[in-house]
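Please look over the sequence and the 3D structure shown here before reading the report.

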Amino acid sequence: FQLINELKEAIEQNQLVLYYQPKLNLVQQKITHVEALVRWIHPKRGIIPPDTFIPIAEKTMQMDALTRWVITEAMAQYHRWQAKGVNMSIAVNISAENLKDELFCHWVIETLAQHSVPVSAMTLEITEDAVVSDPELAIKQLTLLRNNGLTLSIDDYGTGYSSLAQLKQLPVDELKIDKSFVQKLLHTEADQIIVQSTLQLAHNLGLKVVAEGIEDNETLQWLTERHCEMGQGFYLSRPLPELPFNDWLSQSE
Ligand code: G
Ligand code: G
Ligand code: NA
Ligand code: MN
């Protein structure tokens with residue numbers, strides 16, 4: 001497949017771009033966080049979504065280079081927002097490969113310091129699967145990252161295979177309830193029960209909760225009333241490139 005050979009070039013030649021999707025703080029009713037989502041602007045094929053090339057990067061040992069590019073770009077974006085007086089904390093997605101790599105975890109900590117980005121300005125989103133394959137190693141790396149002040153988030157919560165016993169041991173700060181439980185929340189009693197119990201479980205374990213996949217105002221209100229800390233979804237905004245995101249942000253204030 002041609003894309004395999006082209007991905008290395010794409011990373012080196014800056015054909016990748018980050019889109020940003022806001023996370024609304026439901027307590028303060030303010031946008032304090034965004035999730036960075038990578039896209040490949042291919043010279044011939046146009047925009048290639050991450051679902052297409054992340055699996056290729058994983059199979060061809062290119063996740064390290066890709067995630068380092070994403071984090072470096074997110075740090076540059078942090079400073080561009082600071083220069084405009086916008087204080088934004090950025091979440092990036094980390095793959096299972098990254099979490100297994102001790103060098104990578106040290107690189108993250110060092111690079112933030114080198115670029116004068118406070119650790120509080122960066123969240124790492126990790127899927128449950130990254131933890132399941134080697135829980136001991138994952139816990140060790142997560143502990144290192146968290147002891148250094150990074151915010152850690154379990155992404156797509158509820159769709160993976162981690163046990164509650166594991167969840168209890170994980171040194172993380174928040175759970176992101178998977179969008180499949182949120183999108184049709186108000187029309188699906190089972191989803192309401194799942195989300196309500198997850199909120200209780202997370203809060204009792206001292207974790208904050210982000211609900212992703214919010215597609216209407218009623219769902220946003222339902223979650224706010226139940227003390228969900230943050231919300232993300234197409235109802236607020238789709239992931240947008242930097243400039244449209246900045247326009248959206250100034251209009252939403
Ligand atoms: O943005 P979109 O909905 O197309 O994202 C599809 C999938 O790609 C999501 O699961 C998302 O987490 C993943 N993804 C997007 N950006 C990144 C990234 O920078 N790194 C990794 N590992 N996954 C990403
Ligand atoms: O796997 P991950 O949670 O990182 O995936 C995030 C992706 O989910 C985003 O890139 C975005 O495209 C998608 N997403 C975000 N909000 C919504 C939503 O409200 N509805 C749907 N269908 N997808 C969403
Ligand atoms: Na994510
Ligand atoms: Mn998710």
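## Overall build

This is a predicted model. The protein contains 12 helices and 9 strands. Its radius of gyration is 18 Å, close to the 18 Å that the globule rule gives for 253 residues, so the protein is as compact as a globular protein of that length. Along the principal axes, the C-alpha atoms fill a box of roughly 45 × 45 × 40 Å.

Of the 253 residues, 37% are buried. Contacts between residues at least 6 apart in sequence were also examined, and 64% of them join residues at least 24 apart.

## Around ligand 1

The shell around ligand 1 is made up of Leu37, Val38, Pro49, Pro50, Asp51, Ile54, Val70, Val92, Asn93, Ser95 and Pro239. By type, the shell has 8 nonpolar residues, 2 polar and 1 charged.

Three elements each supply at least two residues of this shell: β2 (30-42), α2 (50-59) and β4 (89-94). With 3 residues, α2 gives the most.

## Helices α5 and α7

Helix α5 spans residues 102-114 and helix α7 spans residues 135-147. The two pack at an angle of about 10°, and their axes are 10 Å apart. Angles under 35 degrees count as roughly parallel, so α5 is roughly parallel to α7.

Where the helices meet, α5 contributes Glu102, Cys105 and Val108, while α7 contributes Gln141, Leu144 and Leu145. The residues of this contact divide into 4 nonpolar, 1 polar and 1 charged.

Note on methods. Residues are numbered from 1 along each chain as its sequence is written. Chains are lettered from A and ligands numbered from 1 in the order in which they are written. This is a predicted model: local features need pLDDT of at least 70, side-chain atom pairs count only at pLDDT 80 or more; totals for chains, interfaces and linings use all residues. Helices (H or I, at least four residues) and strands (E, at least two) are DSSP runs, numbered from the N terminus. The radius of gyration is taken over C-alpha atoms; the globule rule is 2.2 Å times the number of residues to the power 0.38. A residue is buried if 20 or more other C-beta atoms lie within 10 Å of its own, exposed if 12 or fewer, and partly exposed in between; C-beta atoms are placed from the backbone. Two residues are in contact if their C-beta atoms, placed from the backbone, lie within 7 Å. A residue is near a molecule or strand if its C-beta atom, placed from the backbone, lies within 6 Å of it. Ala, Val, Leu, Ile, Met, Phe, Trp, Tyr, Cys and Pro count as nonpolar, Asp, Glu, Lys and Arg as charged, and the others, Gly among them, as polar. Axes are lines fitted to C-alpha atoms, for helices over the stretch in contact, and angles run from 0 to 180 degrees between N-to-C directions. Angles under 35 degrees count as roughly parallel, over 145 as roughly antiparallel, 65 to 115 as roughly perpendicular and the rest as oblique.
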